[in-house]
Amino acid sequence: MNPALSVKGLTASIASKEILNGLDLEVPFGEVHAIMGPNGSGKSTLCHVLTGKEGYEVAGSALLDGVEILDLPVDERARLGLLQSFQYPTEVPGVRLRDFVYEAAVAHGVSPEEAEARIDKEAARFGVERFLDRSLNDDLSGGEKKRSEIFQMAVLRPKMALLDEIDSGLDIDAVRQVAEAVEEMRSPEMGTLMITHYSRILRYMTPDRIHVMIDGRIVDSGERELADELEAGGYESVRQRLGLTRPAVAAERRPSEFFTETPFDV
Ligand SMILES: Nc1ncnc2c1ncn2[C@@H]1O[C@H](COP(=O)(O)OP(=O)(O)O)[C@@H](O)[C@H]1O
Ligand SMILES: [Mg+2]
């Protein structure tokens with residue numbers, strides 16, 4: 001059986017700046033993997049390149065259930081089953097969550113009856129009934145927005161779900177709820193890649209595999225013990241263990257990065 005996603009030697013640059021440099025990653029069907037990495041390590045770029053956002057110079061390979069996607073248009077990748085949730089869900093006044101997800105499911109080839117049945121079932125499962133008939137994301141808390149995104153994924157049932165910064169800006173109770181929702185979404189027909197800067201979400205869930213991304217590459221992969229190392233010593237601990245030097249050109253980095261090097265939630 002093919003993995004849900006298999007990435008080999010992926011490189012990406014923008015404005016002649018190399019952001020991904022030789023990234024390898026495999027996510028089997030039925031598994032949840034986490035990519036952890038400091039700000040600026042290229043996590044969001046990986047999502048953009050996989051989903052087909054324009055403007056990057058890309059080389060290497062990315063197979064979605066055995067099909068090369070890197071040369072396909074954005075909508076074709078989505079149709080084949082690669083979906084990314086929004087990093088910062090926008091509020092869309094006037095469009096009900098129910099209608100939005102229904103239209104998306106039908107556009108993905110789900111029959112109208114099946115779409116309605118899935119919406120009812122998954123809304124109950126993810127506890128979003130309360131805002132199903134309200135405007136999309138209107139007046140929802142951060143945690144509710146993320147639950148809404150996971151609910152949408154559960155209705156659409158992609159082969160591969162990319163969740164970027166699923167836990168950013170949430171209080172600890174909301175992080176726990178999102179972690180539980182990601183676990184709840186697990187299915188043998190889907191692979192999930194959860195991308196985050198903070199290790200705290202790993203207190204509430206156990207991905208099958210945790211990957212650490214630094215400077216555009218996966219530098220280490222492991223299981224629970226890697227989560228424990230990150231929680232205790234941050235990315236600096238991983239860097240030191242692997243003998244990785246810190247980037248020399250600090251001036252190129254965003255000012256906020258100087259304050260967010262560890263995955264702690266302080
Ligand atoms: N459009 C762009 N033009 C130039 N540099 C970019 C662009 N987008 C991202 N970068 C740079 O690429 C690096 C990786 O960014 P990103 O993928 O957003 O990292 P992460 O999601 O891990 O925080 C950063 O140094 C960032 O400044
Ligand atoms: Mg990012």
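This tour goes from the whole chain to a sheet, a ligand and a few single residues.

**The whole chain**

Start with everything shown. The model is predicted. The protein chain holds 7 helices and 12 strands. Colour by burial next: of the 266 residues, 50% are buried. The chain exposes about 12200 Å², and carbon and sulfur atoms supply 51% of that area. Now think about contacts between residues at least 6 apart in sequence: 68% of them join residues at least 24 apart.

**The six-stranded sheet**

Select the strands S6, S9, S10, S3, S11 and S12. In that order they form an open sheet of 6 strands with mixed pairing. Which strands stand at the edges? They are S6 (82-84) and S12 (217-222). Each has a single partner strand, so one side of each is left without a neighbour in the sheet.

Zoom in on S9 (residues 160-164) and S10 (residues 191-196). These two strands run parallel, and 5 bridges join them. Pick Leu162 and look across to S10: Leu193 stands opposite.

**Ligand 1**

Select ligand 1 and show its surroundings. How many residues surround ligand 1? There are 12, and the closest are Lys17, Gly40, Lys43, Ser44 and Thr45. Strand S2 (17-27) and helix H1 (43-51) each supply at least two residues of this shell. H1 gives the largest share, with 3 residues.

- Gly42: a backbone N or O atom lies 3.0 Å from a ligand oxygen.
- Lys43: a side-chain N or O atom is 2.8 Å from a ligand oxygen.
- Thr45: a polar side-chain atom lies 2.5 Å from a ligand oxygen.

Now show the surface of the ligand. Taken alone, ligand 1 exposes 560 Å², and the protein buries 72% of that.

**Helix H1**

Stay here and select H1 itself. Is H1 mostly covered or mostly open? H1 is mostly covered, with 8 of its 9 residues buried. The buried residues are Lys43, Thr45, Leu46, Cys47, His48, Val49, Leu50 and Thr51. Step just past the end of H1 to Gly52. Gly52 takes a positive phi of about 100°.

**Ile14**

From Thr45, go to Ile14. The two are 31 residues apart in sequence, while their C-alpha atoms are 9.7 Å apart in space. Ile14 belongs to strand S1 (residues 5-14). Its relative accessibility is 33%, so Ile14 counts as partly exposed. Leave aside neighbours within four places in sequence, and Ile14 is in contact with Ile19, Gly55 and Tyr56.

**Arg118**

Select Arg118 next, in helix H4 (residues 112-126). Is Arg118 buried or exposed? Its relative accessibility is 13%, under the 20% cut-off, so Arg118 counts as buried. Show what surrounds this side chain. Beyond neighbours within four places in sequence, Arg118 is in contact with Val110, Ala123, Val155, Leu156 and Arg157.

**Arg186**

Finish at Arg186, in the loop between helix H6 (172-185) and S10. Arg186 has a relative accessible area of 26%, so it is partly exposed. Where does its side chain make a polar contact? Turn to the side chain of Asp208, at 2.8 Å.

Leaving aside neighbours within four places in sequence, its contacts are Gly30, Glu31, Val32, Thr206, Pro207 and Asp208. Last, pick Phe29. Phe29 and Arg186 are 157 residues apart in sequence, yet their C-alpha atoms are 9.4 Å apart in space.

How values were computed. Residues numbered from 1 in each chain as written. Chains lettered and ligands numbered in written order. Predicted model: local features only at pLDDT ≥ 70, side-chain atom pairs only at ≥ 80, totals over all residues. Heavy atoms only, no water. Pairing = 2+ DSSP bridges. Helix = DSSP H or I, 4+ residues; strand = E, 2+ residues; numbered from the N terminus. Buried < 20%, exposed > 50% of the residue type's maximum accessible area, 1.4 Å probe, protein only. Contact = heavy atoms within 4.5 Å. Near = heavy atom within 4 Å. Polar contact = N/O pair within 3.5 Å; in protein donor to acceptor, adjacent residues only side chain to side chain. Areas by Shrake-Rupley, 256 points an atom, 1.4 Å probe, with all protein chains shown as cover.
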